[in-house]
Amino acid sequence: MVADDLISEEELLATVTEMAKAFGWVVYHTRDSRGSETGFPDLVLVRPPVVWLVELKKEHAKLTQGRYNRKGTWLPGQEAWMDLLRDCSLVKSGVWRPSDRDAIEEMLK
């Protein structure tokens, strides 16, 4: 098995997507985020009554921070999105890393 530190975000995306589909989840991932709002989570997983909004990260990578653009408009980062989602009672959210694989599988079953 590959050490968790060596697993890329792309490899984690492939693993989680395959696992979710095997357990009957509908999976959405924006392949090219140019033109999209900043900071939105990587995956939307839906299997009623549950919706997961998930940010995938390499083992020790940090969430992006919000920032102001040149026009002075606030652009929320991944951390802001995850903080907002954590406060929503009808949606599940999380930051998943390679070391979470067993827990991810349990949540998706």
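The lining of the largest pocket consists of 3 nonpolar, 7 polar and 6 charged residues. The model is predicted, and every stop below refers to that model.

The space in the largest pocket comes to about 320 Å³. To find its centre, select Thr-30, Ser-33, Glu-37, Phe-40 and Asp-42, which are the closest to it of the 16 lining residues.

Next, select helix H1, residues 9-22. Now colour Leu-12, Leu-13, Val-16, Thr-17, Met-19 and Ala-20, the buried residues of H1. These residues sit on the same side of H1, because they cover an arc of only 170° around the axis. In an α-helix there are 3.6 residues a turn, so residues three or four places apart point the same way.

What do the buried residues of H1 pack against? Show strand E1 (26-29), strand E2 (43-47), strand E3 (50-56), strand E6 (92-96) and helix H3 (101-108); the buried residues of H1 pack against these elements. Then turn to the face of H1 that points away from the buried side, where Glu-18, Lys-21 and Ala-22 are exposed. Just after H1, stop at Gly-24, which has a positive phi of about 90°.

From there, select Val-44 in strand E2. Is Val-44 buried or exposed? Its relative accessibility is 18%, and buried means under 20%, so Val-44 counts as buried. Leaving aside residues up to four places away in sequence, Val-44 touches Val-26, Val-27, Tyr-28, Val-51, Trp-52 and Leu-53.

Move on to the loop between E2 and E3, where Pro-49 lies. Pro-48 and Pro-49 are joined by a cis peptide bond, with omega about 10°. Most peptide bonds are trans.

The last stop is helix H2, residues 78-86, with Gln-78, Met-82 and Leu-85 as its buried residues. Look down the axis of H2: the buried residues fall within an arc of 65°, so they line one face of the helix. To see part of what covers them, show E3 and E6, which are included in the cover over the buried residues of H2.

Note on methods:
Residues are numbered from 1 along each chain as its sequence is written. This is a predicted model: local features need pLDDT of at least 70, side-chain atom pairs count only at pLDDT 80 or more; totals for chains, interfaces and linings use all residues. Side-chain values use heavy atoms; hydrogens and water are left out. On a 1 Å grid over the protein atoms alone, a cavity is a set of points where a 1.4 Å probe fits but cannot get out, and a pocket is an open set with protein on both sides within 12 Å along at least five of seven lines; lining residues have an atom within 4 Å of a point. Grid points are joined across faces, edges and corners, and a volume is the space filled by probe spheres set on the points. Ala, Val, Leu, Ile, Met, Phe, Trp, Tyr, Cys and Pro count as nonpolar, Asp, Glu, Lys and Arg as charged, and the others, Gly among them, as polar. Helices (H or I, at least four residues) and strands (E, at least two) are DSSP runs, numbered from the N terminus. The expected span of a helix is 1.5 Å times one less than its number of residues. Buried means under 20% relative accessible area, exposed over 50%, partly exposed in between (1.4 Å probe, protein chains only). The arc is that of the directions from the helix axis to the C-beta atoms. Contact means heavy atoms within 4.5 Å.
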